[in-house]
Amino acid sequence: MNGSCLNFDSPIRDAISRIRFAPVSNNLLISSWDSSLRLFDVDKCELRFEAPNGGSAALLDCCFESESVALAANSDGSILRYDMRVGNSKAIGNHEDLATCIEYSEEKRQVISAGWDKKVQFWDPRSTSSLGCLSSLGKDVESMSLSGLLLMVAHKSSVHLYDLRYLDRSVQAKEYFMDAQIKCLRTNSELEGFVAGSIDGRVALRHVGQSNTNEGYAFRCHPKDRKGRQHLVAVNDIAFNPSLCGVVVTGDNEGYATMWDVLNRKRLVEFPRYPNSVASLACNHGGQLLAVASSYTYQEANEREEQPQIFMHHLDAKHIESISASGSRKT
């Protein structure tokens, strides 16, 4: 497995908030605190699209609606839609406080956003009309993830599950970390569940499908030191590998990324420490590429503030096969 740094003619000027691969290509979407959304063609090693949001507000999250259309959540509360073929953007909705999370539902053809106004909102991507709102949360939304028709929303130490067909009720709600706030929440349809990372370095795996009788478990990303003290480092992001069921990569605020087999409870690979915190992670549609955003995150006063960078790791077929084979043998 080798890693290389993506080269930008004009460097990213502020913290990276989120990176995501396109649905079928190796184009990487990048949102950042410098108010710009970027699209980088990994295959051709070139920047294909860059658009400032027209103001000074930071972009806090992004996602794809399609290969050529992107969405972003803005710190001024606005929800932005970008047509990257023609290079324009428009606001399709607005929150009353920071907009922190955004997803797109292909099944419902809706944009779903959440923020610090304690609301989850649903938008028509081709108009500026709201299609509905979950306003009874009572807490700021920290993270959100979507799998088919199942929407998962994290606030404080709990995860709430909603069926997009029946938004008048929560399918399931449970306190997973009890005394620790959830930092990131990611889901995977093949796993029939989700993983959540906390601010104190724990990761929880939970199954939500009816066919699963094992509810899951939690583990720490860092072992205790020689004095028996725990490493309380926030897990900033988690990425599923789509070609390897149960294989995820975690990234933390100290700059470490680790690959795990969560089904067999194994640590597979620990990557060399990155210059900054690992702010975001993304695997491409085939699972051969892992993108790691190394960036400060404004979480701690003593954070390193090196230039934000994105590192690309190539997983060749032999490496993927070896991981798959090791994952098939339980310990």
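A cavity is a set of grid points where a 1.4 Å probe fits but cannot get out, and its lining residues have an atom within 4 Å of a point. The model in view is predicted.

The structure holds 1 cavity of 30 Å³ or more. The volume of the largest cavity is about 40 Å³. Its lining is made up of Cys221, His222, Val235, Thr250, Gly251, Asp252, Tyr256, Ala257 and Thr258. Two elements each give two or more residues to that lining: strand S23 (247-252) and strand S24 (257-261). S23 gives the most, with 3 residues. By class, the lining has 4 nonpolar and 4 polar residues, plus 1 charged residue.

Now turn to the cysteines. How many disulfides does the structure hold? The count is 0. A disulfide is a covalent bond between two cysteine sulfur atoms. The cut-off used for such a pair is 2.5 Å.

Cys184 is in no disulfide either. Here the nearest cysteine sulfur is that of Cys221, at 8.8 Å. Cys184 is buried, and its relative accessible area is 0%.

Note on methods. Residues numbered from 1 in each chain as written. Predicted model: local features only at pLDDT ≥ 70, side-chain atom pairs only at ≥ 80, totals over all residues. Heavy atoms only, no water. 1 Å grid on protein atoms, 1.4 Å probe; cavity = no way out; pocket = protein on both sides within 12 Å on 5 of 7 lines; lining within 4 Å. Points joined across faces, edges and corners; volume = space filled by probe spheres on them. Helix = DSSP H or I, 4+ residues; strand = E, 2+ residues; numbered from the N terminus. Nonpolar A, V, L, I, M, F, W, Y, C, P; charged D, E, K, R; others polar. Buried < 20%, exposed > 50% of the residue type's maximum accessible area, 1.4 Å probe, protein only.
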